[in-house]
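Biologist: I am new to this structure and would like to learn how to read it feature by feature. Could you take me through it slowly, giving the general idea before each case?

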Amino acid sequence: MDYIKATLDKKRTGRKIGNLIIASKITFEEVAAILGFTSPRVIYEWIPGKKLPNIENLANLARMFNVQIEDVIVLR
């Protein structure tokens, strides 16, 4: 069986999240509030790929932008 392990591309996933937010015309502060954060700081850490949302927040981002989770993450 030939198997190639997928790895998450943090930087490209972060950029994709940023692009989805910008395209939606929702502010980073509004996204943070919708996700239950008191500050958008963590979202600003997602954009360059320093951190990434957990699976629950990925699911909520996908719902917020009306896309599939697979449309939010970038695998190598």
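**Reading the model**

Modeller: Of the 76 residues in the protein chain, buried residues make up 32%, where buried means under 20% relative accessible area, exposed means over 50% and partly exposed lies in between, with a 1.4 Å probe and protein chains only. This is a predicted model, in which local features need pLDDT of at least 70 and side-chain atom pairs count only at pLDDT 80 or more, while totals for chains, interfaces and linings use all residues. Residues are numbered from 1 along each chain as its sequence is written, and side-chain values use heavy atoms, with hydrogens and water left out.

Biologist: How many helices and strands are there in the protein chain?

Modeller: Helices (H or I, at least four residues) and strands (E, at least two) are DSSP runs, numbered from the N terminus. Here the protein chain has 4 helices and 0 strands, and its C-alpha trace spans about 45 × 25 × 20 Å along the principal axes.

Biologist: Which residues have the most contacts inside the largest nonpolar core?

Modeller: A nonpolar core is a set of buried Ala, Val, Leu, Ile, Met, Phe, Trp, Tyr and Cys residues joined through side-chain atoms within 4.5 Å. The largest one in this model has 14 residues, and those with the most contacts inside it are Ile 17, Ile 21, Val 31, Ile 43, Trp 46, Leu 61 and Val 72. Helices H1 (10–24), H2 (28–35), H3 (41–46) and H4 (55–64) each supply at least two residues of this core, and H2 gives the most, with 4 residues.

Biologist: What does Leu 61 touch?

Modeller: A contact means heavy atoms within 4.5 Å. Not counting residues up to four places away in sequence, Leu 61 touches Ile 17, Val 31, Leu 35, Trp 46 and Pro 53. For the protein chain, residues 24 or more positions apart account for 61% of the contacts with a separation of 6 or more.

Biologist: Which residues of H2 are buried?

Modeller: In H2 the buried residues are Phe 28, Val 31, Ala 32 and Leu 35. Seen down the helix axis, the buried residues of H2 fall within an arc of 100 degrees, so they line one face of the helix; the arc is that of the directions from the helix axis to the C-beta atoms. The face of H2 turned away from its buried side carries the exposed residues Ala 33 and Ile 34, whereas the cover over the buried residues of H2 includes H1, H3 and H4. Just after H2, Gly 36 takes a positive phi of about 90 degrees.

Biologist: Why is the pair of Phe 37 and Trp 46 described as edge-to-face?

Modeller: A pair of aromatic rings is described by the distance of the centres and the angle of the planes. Rings of Phe, Tyr and Trp (its six-membered ring) pair if their centres lie within 6.5 Å, and planes under 30 degrees apart count as stacked, over 60 as edge-to-face and the rest as tilted. The structure holds 2 aromatic pairs. The ring centres of Phe 37 and Trp 46 are 6.0 Å apart and their planes stand at 75 degrees, so this pair is edge-to-face. Phe 37 is partly exposed, with a relative accessible area of 25%, whereas Trp 46 is buried, with a relative accessible area of 2%.

Biologist: Is Asn 57 in helix H4 buried or exposed?

Modeller: Asn 57 lies in helix H4 and is buried, with a relative accessible area of 10%. Not counting residues up to four places away in sequence, Asn 57 touches Leu 35, Phe 37 and Trp 46.

Biologist: How many salt bridges does the count come to?

Modeller: A salt bridge is a side-chain nitrogen of Lys or Arg within 4 Å of a carboxyl oxygen of Asp or Glu, and by this rule the count comes to 3. Glu 45 forms one with Lys 51, the closest N and O atoms being 3.3 Å apart. Asp 9 forms one with Arg 12, where the closest N and O atoms are 3.9 Å apart, and another with Arg 76, where they are 3.8 Å apart. Asp 9 lies in the segment before H1 and Arg 76 in the segment after H4, so the pair ties together parts that are 67 residues apart in sequence. Arg 76 is exposed, with a relative accessible area of 61%, and salt bridges that share partners join Asp 9, Arg 12 and Arg 76 into one network.
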